[in-house]
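Have a look at the sequence and the coordinates before reading on.

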Amino acid sequence: MSLFGFIRRYVLAVAAVPFPIANNVVANEPAAGVSMADFMKSNPDCMEFSDQCSVCAVLDGKAVCSTPKIACIKKPYICTRRGD
């Protein structure tokens, strides 16, 4: 095999790698397609909620969230603490 043939096969093999990774990123969007803003609007009395990746608290009407866990898979938002 010539050097050119080797390089061509190597470049094509490396170029094929990002496609499965990109497909997984799209697949890990929140289940049920409910955005954080929509969840907060439909649960106005919820003071803390989670998507199994981050924990969020509602302060002055805005969500303040922790850093997502490593390698988490987002799930639908659930309220973990309601207002008094």
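Which residues does Y77 touch, not counting residues up to four places away in sequence? They are V34, S35, M36, F39, F49, S50 and D51, where contact means heavy atoms within 4.5 Å.

A word on ground rules first. This is a predicted model, in which local features need pLDDT of at least 70, side-chain atom pairs count only at pLDDT 80 or more, and totals for chains, interfaces and linings use all residues. Residues are numbered from 1 along each chain as its sequence is written, and side-chain values use heavy atoms, with hydrogens and water left out.

How far can you trust it? The chain has a mean pLDDT (the predictor's confidence in each residue, from 0 to 100) of 77, and 64% of its residues reach 70 or more. Confidence is highest in β1, at 97, and lowest in helix α2 (residues 18–27), at a mean of 42. Over residues 12–17 the pLDDT is below 50, and that stretch has zero contacts in the model beyond near neighbours in sequence. Residues 19–31 also stay under 50, with five contacts beyond four places in sequence. Where pLDDT is low, the predicted coordinates should not be read in detail.

Now for the sheet. Helices and strands here are DSSP runs, numbered from the N terminus (H or I, at least four residues, for helices; E, at least two, for strands). Four strands make an open antiparallel sheet in the order β3-β2-β1-β4, where pairing takes at least two DSSP bridges between two strands. β3 and β4 are the edge strands, each pairing on one side only. Going across, β2 and β3 pair over four bridges, β1 and β2 are joined by three, and β1 and β4 share four. Both turns have a residue with positive phi: Q52, near 75 degrees, in the β1–β2 hairpin with its four residues between the strands, and D60, about 55 degrees, in the β2–β3 hairpin with two.

Y77 also belongs to the largest nonpolar core, along with F39, C46, F49, C56 and V58. Such a core is a set of buried Ala, Val, Leu, Ile, Met, Phe, Trp, Tyr and Cys residues joined through side-chain atoms within 4.5 Å. β1 and β2 each supply at least two residues of this core. On β2, C56 and V58 form the covered face, while V55, A57 and L59 form the uncovered one.

S50, in β1 (residues 46–50), has V55 as its bridge partner in β2 and stands opposite I78 in β4. S50 counts as buried because its relative accessibility is 10%; the cut-offs are under 20% for buried, over 50% for exposed and partly exposed in between, with a 1.4 Å probe and protein chains only. Its side chain reaches the backbone oxygen of S54 at 3.1 Å. D51 sits in the loop between β1 and β2 and is buried too, at 5%. The side chain of D51 reaches the backbone nitrogen of C53 at 2.9 Å.

P76 and V34 are 42 residues apart in sequence, yet 7.3 Å apart in space, C-alpha to C-alpha.

Note on methods:
A polar contact is a pair of N or O atoms within 3.5 Å; within protein, one must be able to donate a hydrogen and the other to accept it, and residues adjacent in sequence count only if both atoms are side-chain atoms.
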